[in-house]
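Subject: Structure handover and notes

Dear colleague,

I am passing on the structure we spoke about, together with my notes on what was found in it. Please read the notes with the structure open beside you.

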Amino acid sequence: MPAQLTDNEATPIAQTDDYGLAANDAVNLSIPSFSEWLTQQNGSRLRVSTADDIAPLEAFIASVSYVEIYFLDSNDGRGFTLGRRLRDIGFTGELRATGAYAEDQLQYLYRCGFDSFLLPPAVNKETASELLRAISVTLQPSTISERQVILSER
Amino acid sequence: MYHYQAADRQLLQDRANQFKDQTRRFLNGELSDEAFRPLRLQNGLYFQRQEPMLRIAVPYGLMNTTQVRQIAAISRRFDKGYAHVSTRQNFQLNWPSLEYVPQILEELAKVDMHCIQTSGNCIRNTTTDALAGVAHDEIIDPRPICELIRQWSTLHPEFAYLPRKFKIAVSGSADDRAAIYAHDVGIALQERAGELGCRVLVGGGLGRTPVIGTELVPWLPIKHLLSYLEAILRVYNALGRRDNKYKARIKILVRAMGIDAFRDAVDREWAGLRNGELTLTAERLEPLQKAFSPPAYKTDLPPTEMHSNPIFLRWLSRNTHEHKQPGYRAVTVVLKGHGSAPGDVTADQLDFLADLADDFSFGQLRTSHEQNIVLADVEERALYRLWETLQQHGLAWALAGSLSDLISCPGGDFCSLANARSLPVAEAIHQRFDDADYLFDLGPIELNISGCMNACGHHHIGHIGILGVDKKGREFFQVSIGGRQGNKAAIGKILGPSFSADDIPEVVEKLLVTFVHNRLPEETFIQTYDRIGITPFKEAVYASATH
């Protein structure tokens, strides 16, 4: 759990990245954002927002081992397509969902290629594991194989 | 009809349990209103002005009689003993309490029914021609393809949080009776040199910005249908607007990009999906086609001499339809009449209709987007007996496709979106025009009423369209004419300034008088309108107001 900040007066202005996200949004600012990564084009870890066009990533995908997708709001379904696209272009590393997605979206996210989750506040690993198994059958062919899931509580 | 497999049943059971848990978490405060909203909507549950409204999916409008009787039983046990057929072929319950909804879902699952994706920003129930499989002009039965799309779209993990709702309609006939031009995606099935394929339209829709769909591809072999749909949805999900819900439908995206750029984007996406796992194989398609093979029609039926009762003959000419099987006709039971909302049907009527379907039509019935019930396979020689039975139950009164068969959304009496109460207007029109001879002589006239710009009553494509508008807190009605569905789908033109609810029957009457006055022998309302234009109608309606 991040420390509770109760005294705004005393809190220094948080460092924010180019998505306007601050470290206390449960974002790891040490990992480069997509635009930062683009200027280097050699890191193996990066953060992407649902608004990014990841087409330039394709040529480098083999060298990427970790992608974090930040959901600005739980109704923003672009992240689901983004996950599928990353897997479609051959990304095999860890794909982590962070931000404001909802716990009832966990299974859909998993089926779209996510295998790592910073869980929403107040959701523990046990609940998350149940939600990941809510529906036991799928009517779509799956292009994504069964895999280990990483769950982190806030 | 398609019979649910073990996987389909398991999915419904899991979904019912999932929603039970979600409802429990909402009721005990673990889920906020906002968090619960998309979850309940994707289970067809709206919070309305009065009690919630629950929308039950009827995939492509086809039901067996066990399902119909279960809807009747549910409406008695958990609601007020009636249900409502929507313009997208679904059933709605207007008064269920939230705490009963999980139980209703369990009861529905027992007969292979559910509320999945009947609302929310996801792929909705796929609709088709209510005469699918029996229409005399049918090229390809659309139901196997509808079922294929149902399976593909059900709990699709990628497309549950689209910018806005997404509606697909499929037609397999020369005449489009599925309104494919008014859908986000319209599919017209075709055959080329023995191969099954389709024409794909995109970006049609009614609502605030009515648009007739544009051709995306003139010919697509059927094996590519699902991967192509997936590409369309992916482009829409990635690029559709999310900042303004009134500009979030795919039609706005297509218009903003231009159809060529949109097509290019779909093709780029499709390049990675084409020939992948979604490619339709014969092994996958054939069982679906087999599930919809024709029932055991009698082939040795003697020619029928129809009863000469003139009231029966009038019903016969309007409420029954030519059938591809000689000796049979399809029958429309019109759910319109005095004292009830268009499309409303009581539990007793549902049980009665189920009995009729068992006796006359191989135990199946259909809902139509005109908010009626269709018995698709009735022997001609049984029609008089069927009509007599319908008469005894007050269900042979209204003429299909006439003014008395008008379409209306539930309006401001039930819906929190509506600007105006559409049902009293529908009722006033029913009362004004209740002379069956007059209605018959007027010929086919489609009158559609929507309580607001969301256009659930499809007013844009009514020959006469009536739209509820809010002016400084008072309800008014705007009237348009000349709209139509089908191959020549068009958006109606607005007559002029709007009217109060009380004026509407008078306005409709003036439109009809103008039509009768100008019509050539055998001309229909829409033909006369096309010939003489809007001006004579406008003059007739607004002339007296200046006196």
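A residue is called buried here if 20 or more other C-beta atoms lie within 10 Å of its own, with C-beta atoms placed from the backbone. By that criterion, buried residues make up 34% of the 154 residues in chain A. Please keep in mind throughout that this is a predicted model.

Chain A contains four helices and five strands, and along its sequence these follow the pattern α-β-β-α-β-α-β-α-β. Of the contacts in chain A between residues at least 6 apart in sequence, 52% join residues that are at least 24 apart.

Turning to the interface, 21 residues of chain A are in contact with 27 residues of chain B. On the chain A side, the elements that give two or more residues are helix H2 (78-88) and helix H3 (106-111) of chain A, and H2(A) supplies the largest share, namely five residues. By class, the residues on this side of chain A divide into nine nonpolar, six polar and six charged.

Chain B is divided into domain 1 (6-109), domain 2 (134-288), domain 3 (310-398) and domain 4 (404-546). The centres of domain 3 and domain 4 of chain B, taken over C-alpha atoms, are separated by 26 Å, and ten residues of domain 3 of chain B are in contact with ten residues of domain 4 of chain B. The side of domain 3 of chain B that touches domain 4 of chain B has four nonpolar, three polar and three charged residues.

Helix H5 (residues 143-153) of chain B is another element to inspect. Eleven of its eleven residues are buried, so H5(B) is largely enclosed by the rest of the structure. The buried residues include the charged-class names B:Arg143, B:Glu147 and B:Arg150, along with B:Trp152 and others. What covers them includes E3, strand E6 (127-128), strand E7 (168-171), strand E8 (185-192), helix H6 (225-239) and helix H9 (282-291) of chain B. Just after H5(B), B:Leu155 takes a positive phi of about 55°.

In soluble globular proteins, nonpolar side chains tend to be buried together. The largest nonpolar core here has 185 residues, and those with the most contacts inside it are B:Ile232, B:Leu353 and B:Leu375. The largest share of this core, ten residues, comes from H6(B). Leaving aside residues up to four places away in sequence, B:Ile232 touches B:Val185, B:Val202 and B:Val266.

With best wishes

Key. Residues are numbered from 1 along each chain as its sequence is written. Chains are lettered from A and ligands numbered from 1 in the order in which they are written. This is a predicted model: local features need pLDDT of at least 70, side-chain atom pairs count only at pLDDT 80 or more; totals for chains, interfaces and linings use all residues. Two residues are in contact if their C-beta atoms, placed from the backbone, lie within 7 Å. Domain bounds come from an automatic or database domain assignment. A residue is buried if 20 or more other C-beta atoms lie within 10 Å of its own, exposed if 12 or fewer, and partly exposed in between; C-beta atoms are placed from the backbone. A nonpolar core is a set of buried Ala, Val, Leu, Ile, Met, Phe, Trp, Tyr and Cys residues joined through C-beta atoms within 7 Å.
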